[in-house]
Amino acid sequence: MAADQEVSSRILTIPNVISLLRLALVPVFAVLIVRGNDEWALAVLAISGASDWLDGILARRLNQVTKLGQMLDPAADRLFILVTLIGLAWRDVVPLWVLVVILLRDVTLLCLLPVLTRHGYGPLPVSFVGKAATFALLYAFPLLLLAEAPGALGATASIIGWAFTGWGIGLYWLAGVQYIRQTRQLVAPRTDPQETAAG
């Protein structure tokens with residue numbers, strides 16, 4: 001988002017509708033992945049990824065950046081990551097520790113919300129590192145799903161998918177540490193320079 005771009009309180013915008021449709025795809029994807037319909041599950045992920053890119057572009061070009069959209073977009077991303085992880089762990093495609101590590105980070109950040117709210121702040125904006133982590137994970141899990149295919153395709157997808165997973169988890173936690181530090185800076189008591197000088 002450009003620095004001078006206004007963030008509105010509008011609800012019904014084209015980007016917000018796209019984000020809501022992406023959220024509606026989450027339970028569809030969950031059913032597909034649990035049933036083992038991997039081709040359709042990959043198609044839904046591809047549609048979700050394309051819509052994620054599209055709503056951001058439209059929000060900026062149509063000047064429809066909204067507070068609701070800034071919450072819906074990362075919410076849809078996190079839900080897809082969580083649902084994909086649960087499905088892959090349930091099918092033993094990924095070990096349980098991957099789910100635990102990523103879920104623990106989100107729970108940690110969730111605990112920051114009451115602290116921010118108590119001091120008059122809303123949810124923290126998504127950082128560049130956070131976006132990079134989400135990008136890596138959203139690419140990793142379809143590749144790990146594709147790794148179930150036999151032959152060279154599955155082997156190649158497995159290598160690339162686990163590389164994205166490693167980078168994604170690392171960046172996910174790095175972003176988490178940044179959010180924790182940002183929260184501490186926002187809620188830390190401010191000292192008046194004059195009082196400091198007087199003391």
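This report covers helix packing, salt bridges and selected residues in a predicted model.

## Basis of the values

Residue numbers start from 1 along each chain as its sequence is written, and side-chain values rest on heavy atoms, with hydrogens and water left out. Because the model is predicted, local features need pLDDT of at least 70 and side-chain atom pairs count only at pLDDT 80 or more, while totals for chains, interfaces and linings use all residues.

Two packed helices are described by the angle between their axes and the distance between the axes. Helices here are DSSP runs (H or I, at least four residues), numbered from the N terminus. Axes are lines fitted to C-alpha atoms, for helices over the stretch in contact, and angles run from 0 to 180 degrees between N-to-C directions.

Helix α1 (residues 14–35) and helix α2 (residues 38–61) have axes that come within 9 Å and cross at roughly 165 degrees. That angle makes α1 roughly antiparallel to α2 (angles over 145 degrees count as roughly antiparallel, under 35 as roughly parallel, 65 to 115 as roughly perpendicular and the rest as oblique). The crossing of α1 past α2 is left-handed (the near helix is turned anticlockwise from the far one by less than a right angle; clockwise would be right-handed). Contact (heavy atoms within 4.5 Å) involves residues of α1 including Ile14, Ile18, Arg22, Leu25 and Phe29, and residues of α2 including Trp40, Val44, Ser48, Asp52 and Leu58. By class, the residues of this contact are 16 nonpolar, 3 polar and 3 charged. In this scheme Ala, Val, Leu, Ile, Met, Phe, Trp, Tyr, Cys and Pro count as nonpolar, Asp, Glu, Lys and Arg as charged, and the others, Gly among them, as polar.

## Packing of α4 and α7

Helix α4 packs against helix α7 (residues 151–187) at an angle of about 20 degrees, and their axes are 10 Å apart. The two helices are therefore roughly parallel. As α4 passes α7, the crossing is left-handed.

On the α4 side the contact includes Trp97, Val101, Ile102, Arg105 and Asp106, and on the α7 side Trp162, Ile169, Tyr172, Trp173 and Tyr179 are among the residues. The contact of α4 with α7 has 13 nonpolar, 3 polar and 2 charged residues.

## Salt bridges

Side chains of opposite charge can pair when their charged atoms come close. The whole structure holds 4 salt bridges (a side-chain nitrogen of Lys or Arg within 4 Å of a carboxyl oxygen of Asp or Glu). One of them joins Arg22 to Asp77, with the closest N and O atoms 3.8 Å apart. Arg22 belongs to helix α1 and Asp77 to helix α3 (residues 67–90), so the pair ties together parts that are 55 residues apart in sequence. Arg22 is buried at 1% relative accessibility, and Asp77 is buried with a relative accessible area of 10%. Buried means under 20% relative accessible area, exposed over 50% and partly exposed in between (1.4 Å probe, protein chains only).

Arg91 pairs with Asp38, where the closest N and O atoms are 2.6 Å apart. Arg91 is partly exposed at 22% relative accessible area, whereas Asp38 counts as buried at 14%. A further salt bridge links Asp106 and Arg105, whose closest N and O atoms are 3.1 Å apart. Both Asp106 and Arg105 are buried. Shared partners join Arg78, Arg105 and Asp106 into one network of salt bridges.

## Individual residues

Ile81 is placed in helix α3 and is buried at 2% relative accessibility. Leaving aside neighbours within four places in sequence, Ile81 is in contact with Ile102, Thr134, Leu137, Leu138 and Phe141. The C-alpha atoms of Ile81 and Ser127 are separated by 17 Å, and these two residues are 46 apart along the chain.

Ser48, in helix α2, is buried at 6% relative accessibility. Not counting residues up to four places away in sequence, Ser48 touches Arg22 and Phe80. Asp92 is found in the loop between α3 and α4 and is exposed, with a relative accessible area of 68%. Although Asp92 is not a glycine, its phi is positive, at about 65 degrees.
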